[in-house]
Amino acid sequence: MIKADIAVLADGSASGLQGEDSGLNAESLQMLADQFTAMMRKRSAYEQSLLVLNGATGPQVLQVQRFGDLVQTTIDAPGGSVGYEALLGKKQGLHPRGSMAESGRLRAKGANQNSGGQYDLYFSAPVVTRGGSIVGAVAISVDFATLVADLGQSQNNMVFYVADREGRILYRSRAGSVTPQVDGREIALNHFQLSDRWNDWLQTDDLHVQYEMPESALVVDLHRVVLAEGGEAGLLADIIVVGGIASFADVEMKASRFRAQLAVAVLGIGALMILSLVVATGNVVRPIERLTKIANRIASGDCDVVAPVHQKDEIGILARAMMRMADELRRTGKNEEQAAMGRMASMIAHDLRNALSSVKMNLHILHAHHRETNDDYSEGCEIAMNQVKYMEHILNDMLAFARPSNLELDGVDLRETLDTAAVVLLPEVTRKSIDLRNRSDQKLPTVMGDRNKLRQLFENILDNAIQAAPKGGCVVIQARALLHESQPAVEINITDDGPGIASDIADKLFEPFVTTRARGTGLGLAIAHRIVRQHQGWIQLVNGPSGGAIATVILPLSPDRHDSQSTV
């Protein structure tokens, strides 16, 4: 810790230099002073820190000292004879207590004055420029007693020692306190029973030794701490030994207590893991079991099953994938079913239309005959002819749905097309006394589309509105130009004042054979939906805010020709 602090301070001092021999400017020196002061306040064992730099006009000295709880910082102006060499010349390591500076001047290095038998740790480091020149030094003096005070808060029979390399006890903890040994007569070797092998152990590379003293039932644990390497050949490193002695019974009791705590912790962790595994297994297995049952139902042909998809984990992703698969299977099955029904309807409609042609021709003959004779059968023939027309209308719807054709695109005037569709339905409008109003803009843009299919589209939607409107009711047509999805388009709204859309069929309006009318195939809106999709448009049928229903159709002015050839 101390050496790391010195290295940081030395590097910070070097980085603030203006040049190789120009020293620090006032701002940099103040920043270093703040850094030194903060370090001293943080490290309660630090007694004094000192920085000496060579400057252009003489040494610069920064000194921070501790006085109890107070920290005083002094910055000396350049001048005087104090040099950094004295800081680097003093041997690093453990010394009898002495001040590094006295009245702003360094004490003579190497002084070995004993101040009451207390000790300081002394360390220094050079300040090196980027060019490799040594231009100063940083030194720190640490109160050894304060540094080791937290070592030995004794418990039971445990005692902690700090000794020098000669085996003399420097500090010993007893009853929770640290007692300095000042007479030097109490030898740690007597406590550690290492008289025969102390020097041998110090010469080895093993920094740690532990052994038992059976006759006294004690356990000894020692660590060698290297403070600084010896400067002279043959001398040992400047070291201290930190060790402790404890009762073997006390150690064994603590070991037993630790083993018991470890066993309880292992059992607790094991129980927690088992509980977590059970919960996790339940959270994973149960949804998988539900999805397995759902998959089996889908495999058996039940595509209307619903899986919970509210989860956001992998199970939720799998459930959503299964629902997409079920939807696709439903659509595929519905398309196949509709295709089969379309083929059957096409064949039936073709045969029935041929038969109806013969019936219709004979009814025309009979009607002409009975009208000339003015008998009672003329009215019956007229009723039969109307029924034949109704059946022809149903057959035409079935054929149009079963055999959709490609579009024949041309420029279409939608206002004219809407007027034509209204004229076709005029008999029904007159019969029910419907007020049919066209409030469209006088001039609408031309739409590229299939003229006949668009007329059929609006005939089907208008017929649906007229049938829904009550007798004497009102049907309103409104069309306008707009931008739909950033593309020019025309919007057509057809509103009626009927009873509105029943909730049970609201989501099935455009499916084939869905109707609430007593007469009809339920194909009108399905065909309208197909025509709109062929023109790449958009259709919606909803309840109006004040009653009735509103059918909305949006047609682009120019659908893509390639896509418009597909049948939807």
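This is a predicted model: local features need pLDDT of at least 70, side-chain atom pairs count only at pLDDT 80 or more; totals for chains, interfaces and linings use all residues.
Two strands count as paired if DSSP finds at least two bridges between them. Val 128 sits opposite Ile 134 of S8.

Both strands belong to an open, antiparallel sheet of 6 strands, ordered S3-S2-S1-S8-S7-S4. Strand S3 (70–76) and strand S4 (93–96) take the edges; each has a single partner strand, so one side of each goes without a neighbour in the sheet. Ignoring direction, neighbouring strands are turned by 20 degrees against each other on average. Helix H1 (residues 2–15) lies across strand S1 (46–53), S7 and S8, and runs at about 30 degrees to S7.

At its start, a side-chain oxygen of Asp 450 comes within 3.2 Å of the backbone nitrogen of Asn 452. Buried residues of H12 include Leu 454, Leu 457, Phe 458, Ile 461 and Leu 462, but also Lys 453, Glu 459 and Asp 463.

The largest nonpolar core holds 38 residues, and among those touching the most other members are Leu 457, Phe 458, Ile 461 and Val 475. Elements giving two or more residues to this core include H12, helix H10 (414–424) and strand S18 (474–484). H12 gives the most, with 7 residues. As for Val 475, its contacts include Leu 462, Ala 465 and Ile 466, along with Ile 434 and Ile 494. A second, separate core of 37 residues includes Leu 17, Phe 123, Val 127 and Ile 140.

Terms used:
Residues are numbered from 1 along each chain as its sequence is written. Side-chain values use heavy atoms; hydrogens and water are left out. Buried means under 20% relative accessible area, exposed over 50%, partly exposed in between (1.4 Å probe, protein chains only). Helices (H or I, at least four residues) and strands (E, at least two) are DSSP runs, numbered from the N terminus. A polar contact is a pair of N or O atoms within 3.5 Å; within protein, one must be able to donate a hydrogen and the other to accept it, and residues adjacent in sequence count only if both atoms are side-chain atoms. A nonpolar core is a set of buried Ala, Val, Leu, Ile, Met, Phe, Trp, Tyr and Cys residues joined through side-chain atoms within 4.5 Å. Contact means heavy atoms within 4.5 Å. Axes are lines fitted to C-alpha atoms, for helices over the stretch in contact, and angles run from 0 to 180 degrees between N-to-C directions. Lists of a residue's contacts leave out its neighbours within four places in sequence.
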